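This briefing concerns a predicted model. The points below are grouped by topic.

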Amino acid sequence: MQNVKGTNDYFGKEQAVRRKVQSTLRDVFESYDYEEMESTILNERELLSSKYAGGEEIQKEMYQLTDQGKRDLGLRYDLTIPFAKVIAFNPGIELPFKRFEMGKVFRDGPVKRGRLREFLQCDVDVVGIPGPEAEVELMQLAVEAFRRLEIPVLLRWNNRRFLGEVLESMGVPAEMKSTVMLTLDKIEKIGREGVRQELVSKVLAPEVCDHILEFVDLKEPSFEQIVGRYRVGDNPGAREVQMLQDMLQRVGLEQDCVFDPFLSRGLSFYTGTVYEIFDVSGSYRSSLGGGGRYDAIIAHLVGRDDIAYPTVGLSFGMESIMEMIRNRPMGTSKPQVIVIPIGDAIPEGLRAAAVLRNQGLRTEFAHNGRKLKKTLSKASSDGIPYVILIGEEEAAAGQVRLKGMHENTEVQMRLEEVVAFMKQNS
């Protein structure tokens, strides 16, 4: 037997680290007043494959199945479309609505470092805020989350509407904007020559290709430089970029969040701002998270384009984060005390362990049959501060022996006294 390619089991230290990362993210999400949600893994294929959903490339990777009722279904490939579905199905939800979700998603795509076929996503989304303050708050949240994870990052951002306006000024036909954006988004992977070859294969006019390559050749192009060169400053997308850039400067995020005019992300449902998060050191090439504004999906799902559902989201790549910190000591939790029964005192030992656990003390019960000396030695090497010994004599007296492993002390006392002592010294 073997695991399906692109899937993993997690246990021991690795699972403890994963849980610690999730706990850190949850703390940040809740501190920003996001509510937790749990959406369905199994969905109607029509929902997942609608033209307003994840885009053609991701839909090619969707796991599809038919149930016993002959219904066409699919496993979710992200947490965004299920979230949009929840909002669409519950028109009474008070807006703005802020949610986070951590859950498995599934994509039948290529497997590489940090990219699996069954993986955990950690998403935050807010619906009901049309202004750039929604994007800025999510950027603040992202910077804070990676600060707590001790991963130096750079958040790169752009605006798809603005990029479309720039491409239009170069003569790119409206129906080809999205595919040209996909090519520009890969510039760091395929280089200038790769961009040229892709543009030629898309059968763009030679003069249009030349304009795009001139755009690619700009050295660290700023928003102001692009606006001046292509005369798009009065367009809606350009105004959105200006507002967001000004707000980032005012909140002090301009060093952590950098404008990148070639960024577009692969998903066609993004309507404005997009962003991706990268390791500052460059040792890990894939993004650690990303997201953007998608104002149209929910209205399309409910068939009411006249109703505004402005929405912004951010997704953290759990597997990518784990690749960054897999070998880092994370201070994973360990037992505060080990209860060791001696002789025929196993029931009394189990009862004592239950009392300690009920008082919130993480407790291990030694029932492996190992000799006492070896159990004590392992407790000491593992850095566990206390051991409780309980034999027939102690059980009869209603007491236990508490060993302090760091101080090499031992004292006999009642269990309630042990609880009070440990809480005071924890």
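In this predicted model, the largest nonpolar core holds 72 residues, of which Phe29, Trp157, Phe162, Phe215 and Phe316 touch the most other members. Helix α5 (residues 133–148) supplies the largest share of this core, with eight residues.

**Nonpolar cores**

- Apart from residues up to four places away in sequence, Phe29 touches Tyr34, Phe100, Met102, Cys122, Val124, Leu141 and Phe316.
- In soluble globular proteins, nonpolar side chains tend to be buried together.

**An antiparallel sheet**

- An open sheet is formed by three strands in the order β2-β4-β3, with antiparallel pairing.
- Strands β2 (42–44) and β3 (64–66) lie at the edges, and each pairs on one side only.
- On average, neighbouring strands of this sheet are turned by 40 degrees against each other, direction ignored.
- Strands β2 and β4 (residues 72–75) run antiparallel and are joined by three bridges.

**Asn43 in strand β2**

- Asn43 belongs to strand β2, and its bridge partner in β4 is Gly74.
- Asn43 has a relative accessible area of 4% and therefore counts as buried, the limit being under 20%.
- A polar contact of 3.2 Å links the side chain of Asn43 to the side chain of Lys85.
- Beyond its neighbours within four places in sequence, Asn43 is in contact with Leu48, Leu73, Gly74, Arg76, Pro82 and Lys85.

Technical notes. Residues are numbered from 1 along each chain as its sequence is written. This is a predicted model: local features need pLDDT of at least 70, side-chain atom pairs count only at pLDDT 80 or more; totals for chains, interfaces and linings use all residues. Side-chain values use heavy atoms; hydrogens and water are left out. A nonpolar core is a set of buried Ala, Val, Leu, Ile, Met, Phe, Trp, Tyr and Cys residues joined through side-chain atoms within 4.5 Å. Buried means under 20% relative accessible area, exposed over 50%, partly exposed in between (1.4 Å probe, protein chains only). Helices (H or I, at least four residues) and strands (E, at least two) are DSSP runs, numbered from the N terminus. Contact means heavy atoms within 4.5 Å. Two strands pair if DSSP finds at least two bridges between them. Axes are lines fitted to C-alpha atoms, for helices over the stretch in contact, and angles run from 0 to 180 degrees between N-to-C directions. A polar contact is a pair of N or O atoms within 3.5 Å; within protein, one must be able to donate a hydrogen and the other to accept it, and residues adjacent in sequence count only if both atoms are side-chain atoms.
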